[in-house]
Amino acid sequence: MIETFNSLMMGFSVAFQPQVLMYAFFGCIIGTLVGMMPGLGPLAGISLLLPATFGLNPIIAIVLLSGVYYGAMYGGSTTSILMRIPGEAASVMTCVDGYAMTQQGRAGPALAIAAIGSFVAGTLGVIGLMLLAPTLADFALRFGPPEYTALLLMGLFVLAYMSGGSMLKTLAMAVFGLLLGMIGIDVMSGYTRFSFGITELGDGVGIVPVAVGLFGISEILMTAGQADPPKVQQPSLRQLIPTAGDLRHSAAPILRGSLLGFMIGIIPGSAHIISSFVSYGMERRLSKNPERFGHGAIEGVAGPESANNAAATGAFVPMLALGIPTGPVTAVMLAAIMVHGILPGPMLIQQQPDLFWGFVASMYVGNVVLLVLNLPMVGLFVNLLRIPYAYLYPCILAFCIVGCYSVSNNTMDVWIMLAMGVVGYVLRKFGFDLAPVALGLVLGPMLELSLRQALAMSGGEYSIFLHRPIAVTMLVIAAVMLLFAIKPLIFKGKDWRSKVGLDEPADS
Amino acid sequence: MRIVLQAVMVVVLAAVWPALAQQQYPVKPVRLIVPFAPGGPNDILGRLVGQKLTEQWGQPVIIENRGGAGGTIGLEAAVRSPKDGYTLAMGGTSNLTVAPSLYEKLTYDPLKDVTPIINVAAVPYALAVNPTVPAKTARELIPIASRKTGYLSYGSSGMGSMSSLAAELFKSMSKTQIVHVPYKGTAPALTDVVSGQIDLMFADLALIKPFAERGRLRAIGVTGLKRSVAMKELPTVAESGLPGYDIEPWFGVITTEGAPRAVVTRVNAAIAAALKSPDVLQRLAALGYEPLGGTPEQFAATIKSDISKYATVVKAAGIKAEL
């Protein structure tokens, strides 16, 4: 403990060097701006900035990139809440209740709670990372393809709690998402599926263009289809500050989200994306009045935003403890230090103590910087809503196209985004909820790959799932979740869904 | 009068411009396409080369990451560019030599649509096993792998990737049946070898080395015919029990077919000089990459011979993909 404390102090001495501090600050600002760009999320942000760090020293490079990473997550929630444009898969759930709050004139509290939740989750995450990294990293390694399959199945059953509309519509949308996820090169066989000869579709349909299209573009189209222009909001200062009730409602979701996110985050792979979906489903299930979800429930912002940030920190556990990049973001981070000739590996903490502890300390600093930076800016951001829609929406549309294109310099992404905008518009007109599409698209490819990997490992024996304690435990939980979800269908009893109003358009 | 003078100047300039351009390549910024996302070996080498060329020419060399479809999207963009030598690309074994046998409908022909400029560096691969596998050499590994089909499993960064082809060549040469478990990328596959979910993997030596030093992986051998300077004590797979085994991925700079010969020579000379500068050598050594260099003709010969080599490997492995 003393040793950890001493190392941390050493880390702070690195992080508080004026130059390092300055780059941490820059990183947070750039990240926030990048995140606010529709379509550009944390991964795109740090990938675009990676080349710029090659000339810096490794500590500064990683501090800058992690600042960008955190900043982009904050920024992403801003556009989700204000304009219903998710910067990445993880902020899809924030769009639902966050934007509903904006429409009720409560954008200020939503933004503030998102910032506070992210701060709490980020800080708790760093504490967890610092104290538990070596222990947790070895636990994380016990997650192989079979465990992953079980985890993703659990994620799939969260669907039952995601939408307030009819179960049939929810499932139809989830299947639509899963089908979209089928497009692209099959990793197992190398065959391309459903690409219709378009090379760019070989890598599949990205979640970002789909999410921006379904949520953002469709919203613009919906607004354009209204007879009267929506009223421009004039938020007053009083409305910006979360009420005591908001804070009370948010406290538990923030803590639950932090814990959940951190646990999911340390698992190698891209599973951290599902943390915000799972958190949303969990909050809705635990809530005394689930009918508020989808119509501006602050818990629906607090939980997923915290889970998302805690997961981001959790993802650093295996990266730092073992030198293993567990997801695309950590892979880019490790590339940033590899360029300087530092090979990541299990010796990273011992060989580069100032890098590790400087990084940990700078994460504390970054979280504080972001809170300080973002809370006062809530007022500024909310004022964007004063811009008349006739001017605001064309600008957003342009930004969506530029952002989407710049992720991989690929016009196909722009077409996907625009097509999904039209699809989203039509679906919303028919009262379909769109979040399950995003979850299906995220889960589909991962679930398929891990299931087939597990079966390849076992030579086709499904018993592999029963020989592994972690997988069995999670499958049992998933089965229980499934039973709870189908209970009302069998017994026709009253459940939370009946309070929601079955066939009301969930989202209008 | 002034108008006339200006007009005359424009005409004169237009007449001599092509000649000037030829003499002073590059007269404008040069584009270097990296057909992968930032952060991989291809990107690192591309940026290293780009930086050196910028210094030598005083013209910016702009790196453009065009990832996707195993590096074929970026390469296609490069070969479809104007034939003036202002668009270069960092190609590699995968998109220049494997892709033709892997993809039935590849949209470019590496032998016809590409002008090779210079082979930049080899990125040594190595075979690593989880330490629970009781084999220290390829000779010891083969009998274990032949015990029964699926006794051992290998991870790769996807069907048709270099890591899968290295393993498939190993399988067909040693007549073993090791089960293939593909992943999306090298990192998750390597993670599962470290944790023992799967038994072995062929991957960049630079990634394996830190784990081998800590005992979390056991390196069996490098895949090329020569030992790597990064880990001199590590034998080649060929000398440790599988004679003739040879896989050595490389990355090199190409441009469009029909680019001016003078430009090709100039770029070749500039990169060859860069590959001799101490800081480049130091950066490459730190990552375990080995500088190659050579003439455009030598590079063309390498591409040609590797295409037929990987055609055999892909056929033996029974991989067939379409695009």
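## Briefing on the interface of chains A and B

The contact between the two chains draws 40 residues from chain B and 42 residues from chain A, where contact means heavy atoms within 4.5 Å. This is a predicted model, in which local features need pLDDT of at least 70 and side-chain atom pairs count only at pLDDT 80 or more, while totals for chains, interfaces and linings use all residues; side-chain values use heavy atoms, with hydrogens and water left out. Residues are numbered from 1 along each chain as its sequence is written, and chains are lettered from A and ligands numbered from 1 in the order in which they are written.

**The interface between chain B and chain A**

- The size of an interface is often given as the accessible area lost when the parts come together.
- Between chain B and chain A the buried area is about 3,700 Å², and carbon and sulfur atoms give 63% of it; buried area here is the accessible area (1.4 Å probe) that two parts lose on being put together, summed over both.
- The count of salt bridges between chain B and chain A is zero, a salt bridge being a side-chain nitrogen of Lys or Arg within 4 Å of a carboxyl oxygen of Asp or Glu.
- Six residue pairs, both residues at pLDDT 80 or more, are in polar contact across the interface of chain B and chain A; a polar contact is a pair of N or O atoms within 3.5 Å, and within protein one must be able to donate a hydrogen and the other to accept it, with residues adjacent in sequence counting only if both atoms are side-chain atoms.
- On the side of chain B that touches chain A, the elements giving two or more residues are helix 2 (41-57), strand 2 (61-65), helix 3 (72-79), strand 7 (179-182), helix 7 (186-194), helix 8 (205-213) and helix 10 (278-287) of chain B; helices (H or I, at least four residues) and strands (E, at least two) are DSSP runs, numbered from the N terminus.
- By class, that side of chain B has 20 nonpolar, nine polar and eleven charged residues, where Ala, Val, Leu, Ile, Met, Phe, Trp, Tyr, Cys and Pro count as nonpolar, Asp, Glu, Lys and Arg as charged, and the others, Gly among them, as polar.

**Chain B as a whole**

- Chain B has eleven helices and eleven strands, and its C-alpha atoms fill a box of roughly 90 × 40 × 30 Å, taken along the principal axes.
- Of the 323 residues in chain B, 57% are buried, with buried meaning under 20% relative accessible area, exposed over 50% and partly exposed in between (1.4 Å probe, protein chains only).
- Among the contacts in chain B with a separation of 6 or more, 77% are between residues 24 or more positions apart.

**The two domains of chain B**

- The domain assignment, whose bounds come from an automatic or database source, gives domain 1 (29-122 + 249-317) and domain 2 (125-231) of chain B, and the centres of these two domains, taken over C-alpha atoms, are separated by 27 Å.
- In chain B, 14 residues of domain 1 are in contact with 13 residues of domain 2, and the area buried between these domains is about 1,000 Å², of which carbon and sulfur atoms give 77%.
- On the domain 1 side, B:P249, B:E290 and B:V313 lose the most area to domain 2 of chain B, together 40% of what that side buries.
- Helix 4 (93-102) and helix 11 (296-317) of chain B are the elements that give two or more residues to the side of domain 1 that touches domain 2, and the largest share, five residues, comes from helix 11 of chain B.

**Individual residues**

- B:N65 lies in strand 2 of chain B and counts as buried because its relative accessibility is 15%.
- The side chain of B:N65 makes polar contacts with the side chain of B:D43 at 3.0 Å and with that of B:R47 at 2.7 Å, and the residues that B:N65 touches include A:S408 and A:N409.
- B:K175, in the loop between helix 6 (162-174) and strand 7 of chain B, has a positive phi of about 55° although it is not a glycine, and B:K175 is exposed, with a relative accessible area of 70%.
- A:M9, in helix 1 (residues 2-15) of chain A, is 348 residues from A:W357 in sequence and 8.4 Å from A:W357 in space, C-alpha to C-alpha.

Conventions. Lists of a residue's contacts leave out its neighbours within four places in sequence.
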